[in-house]
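Subject: Structure handover and notes

Dear colleague,

Please find the structure below, followed by my notes on what turned up in it. I would be glad if you read them with the model open beside you.

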Amino acid sequence: EASLLALASLQAPAAPVDASRAPLELVAVMDRSGSMSGQKMTLMKQTLSLLIERTGLQAQDSLGIVTFDHEVQVVLPLTKMDQAGRRAAKAAVDAVCVGGTTNLSGGLLQGLQMLCESDEASREAAADAADGEDAVVVDGGSGATRSLLLFTDGHANAGITDGGAMVAAAQAQLKDHPALAIFTFGYGGDHDEDALRGLAECSKGLFYFIEQPDAIPAAFADCLGGLSSVVCQNATLELRPAGGRRATAKIAEVLAKKTYQVSLAPDGSKATLSLGDLYADDEKDCLLRLSLAALDAPRDAPVVVLAATLSYYSVANKRFERVEAELALARPATPPAGAVPNLKLDEQRNRMETAEAIEKATALADKGDCEGGKALLAAAVA
């Protein structure tokens, strides 16, 4: 018998463009003060990742990101959310780390300034167009919907620290921009709910208390008008060795069982993975180990050994659909000249082995065996 790894990869389609809605301009203001360390920072980054990847933002939409502790930084200017923009936004979020004190008003006012300037530029362009002058249209010709999303866990202790004064400062900046809305997201039990609620209410926005990750999608669906980039619902991947009774392969193991709900027949004749909902451009990879029966003689011509069927409900087409793919293998006596390893498969294998090594090393360290944990990690690196 022979054993080998195989990789089933799928990519969900892009979300259909809704030309009927106005473009969105969003500025996310992220609190990175010292109190945001640990679970709160993780939760906030999950929130922002969901905003970037899963809320139905399209190439016509723009996102900016401001961070604050005692200093305020624009880590992403207003950027179109095409694929390159999403990558830049995700990198900016991933790079955010915990800092010092909480200058909440500084971050808030910087974010509002970005939106106000964009609003003014858009109005000037519209006025120039009305006057017959050449104008660069900033937001696609229709007024963009502009919103600030403020994420914080606590009370301001730098800049404007009084909640009422902070609301008044925001109102002053919004005086000439009545369409701008502020949505506030409070993390943990010690945030200043009165100030966050006041900021939201003074601008026709909403306040959300975020305690668990599963509260995030509902909050975004609410504040962004129900936008969603789910393109496939109830996706199921079925894997079967090809050839029926004459099959030369068995599915020995599905290595993604911690990521997906997996059902594997004891005889290796079928594996079913429940993938749930797929978002636009989602990429999923499933690593599995095949057991191949010994052959009487080498086989130079590829033969199908595994069949894959993806079943899902297409949101765009309003019907259930199926996609099929096959894995064909040649089994020559010697590797052909110029054969190269599949680097995507190798990357997935390394990723899973790394995660397993970290989990085992952590368990050893938790039991007091730090040296054993370090040795295990060193062996994994090697």
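A residue is called buried here when its relative accessible area is under 20%, exposed when that value is over 50%, and partly exposed in between, with a 1.4 Å probe and protein chains only. By that definition cysteine 232 is buried, at 2% relative accessibility, and cysteine 116 is buried as well, with a relative accessible area of 6%. The structure holds zero disulfides, a disulfide being a pair of cysteine sulfur atoms within 2.5 Å.

Some conventions come next. This is a predicted model, in which local features need pLDDT of at least 70 and side-chain atom pairs count only at pLDDT 80 or more, while totals for chains, interfaces and linings use all residues. Residues are numbered from 1 along each chain as its sequence is written, and side-chain values use heavy atoms, with hydrogens and water left out.

As for confidence, pLDDT (the predictor's confidence in each residue, from 0 to 100) has a mean of 82 over the chain, and 86% of the residues reach 70 or more. Over residues 135-142 the pLDDT is below 50, although this stretch has 17 contacts in the model beyond near neighbours in sequence, where contact means heavy atoms within 4.5 Å. Where pLDDT is low, the predicted coordinates should not be read in detail.

Helices (H or I, at least four residues) and strands (E, at least two) are DSSP runs, numbered from the N terminus. Strand β13 (residues 299-314) pairs with strand β14 (residues 319-331) in the antiparallel sense over twelve bridges, and two strands count as paired if DSSP finds at least two bridges between them. Leucine 310 stands opposite valine 323 in β14. The two strands form a hairpin with four residues between them, and in that loop lies lysine 318, which is exposed with a relative accessible area of 62% and has a positive phi of about 55 degrees although it is not a glycine. Asparagine 234, in strand β8, also has a positive phi, near 50 degrees, and is exposed at 55% relative accessibility. Most residues other than glycine have a negative phi.

Threonine 272 is found in strand β11 (residues 271-279) and is buried, with a relative accessible area of 19%. Leaving aside neighbours within four places in sequence, its contacts are Thr236, Leu237, Glu238, Gln261, Val262 and Ser263.

For pockets and cavities, a 1 Å grid over the protein atoms alone was used: a cavity is a set of points where a 1.4 Å probe fits but cannot get out, a pocket is an open set with protein on both sides within 12 Å along at least five of seven lines, and lining residues have an atom within 4 Å of a point. Grid points are joined across faces, edges and corners, and a volume is the space filled by probe spheres set on the points. The largest pocket has a volume of about 860 Å³, and of the 35 residues that line it, the closest to its centre are Ala6, Leu7, Leu327, Leu329 and Asn342. Among the elements that each supply at least two residues of this lining are β1 (2-11), β14 and α7 (343-366).

The structure holds one cavity of 30 Å³ or more. Its lining includes Leu237, Tyr260 and Cys286, and β12 gives the most to it, with three residues.

Best regards
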